[in-house]
Amino acid sequence: MRAIAIKMKSYTSHADIISGASNASLLKAMLITIGVLAVLYFFFLGNMVFNIIERKSLETEARTLSSEVADLELQYIDASNKVDLGLSHSLGFKETQGIFTTRKSLGSIKLEKNEI
């Protein structure tokens, strides 16, 4: 049993998968990756917060504009209700008589009353 344990130790000491120099470079690469990911996380988190704040300010501005539009619609309705025939005559407009023309039907084409 002891012989097998000694033999296994000799095999495992030579079968080092990652050497000491590459351990340091692997650790450095992992730390750099974690740092880059942390920076990206805070960047995207900050962007989301600023976008939420901007959206809320735009919503309040939209409500303000909506109330202004409603006020202008009421002013338009009031002004359009004041326009009548008397106002137009006082401004110099006259009522005209329409002139209509008729077209003579073609003699060769006879239409029946219920073609369809």
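**Close-ups of a predicted all-helix model**

Residues are numbered from 1 along each chain as its sequence is written, and side-chain values use heavy atoms, leaving out hydrogens and water.

**View 1. Three helices, zero strands.** Along the sequence the pattern reads α-α-α (helices are DSSP runs of H or I, at least four residues; strands are E, at least two; numbering starts at the N terminus). Mean pLDDT (the predictor's confidence in each residue, 0 to 100) is lowest among the elements in helix H1, residues 2-14, at 73, and highest in H2, at 94.

**View 2. A nonpolar patch of about 760 Å².** Tyr41, Phe42, Leu45, Met48, Val49, Phe50 and Ile53 make it up (patch residues have over 30% relative accessible area and no salt bridge, and nonpolar side chains are joined within 5 Å, like charges within 9 Å; a salt bridge puts a Lys or Arg side-chain nitrogen within 4 Å of an Asp or Glu carboxyl oxygen). Leu45 belongs to helix H2, residues 20-82.

**View 3. Tyr41 meets Phe42 edge-to-face.** Two aromatic pairs turn up in the whole structure. In this one, ring centres sit 5.4 Å apart with planes at 70° (pairing needs centres within 6.5 Å; planes under 30 degrees are stacked, over 60 edge-to-face, the rest tilted). Both residues are exposed (over 50% relative accessible area; buried is under 20%, partly exposed in between, 1.4 Å probe, protein chains only).

Notes:
Predicted model: local features only at pLDDT ≥ 70, side-chain atom pairs only at ≥ 80, totals over all residues. Areas by Shrake-Rupley, 256 points an atom, 1.4 Å probe, with all protein chains shown as cover. Phe/Tyr/Trp six-rings, centres within 6.5 Å; stacked < 30°, edge-to-face > 60°.
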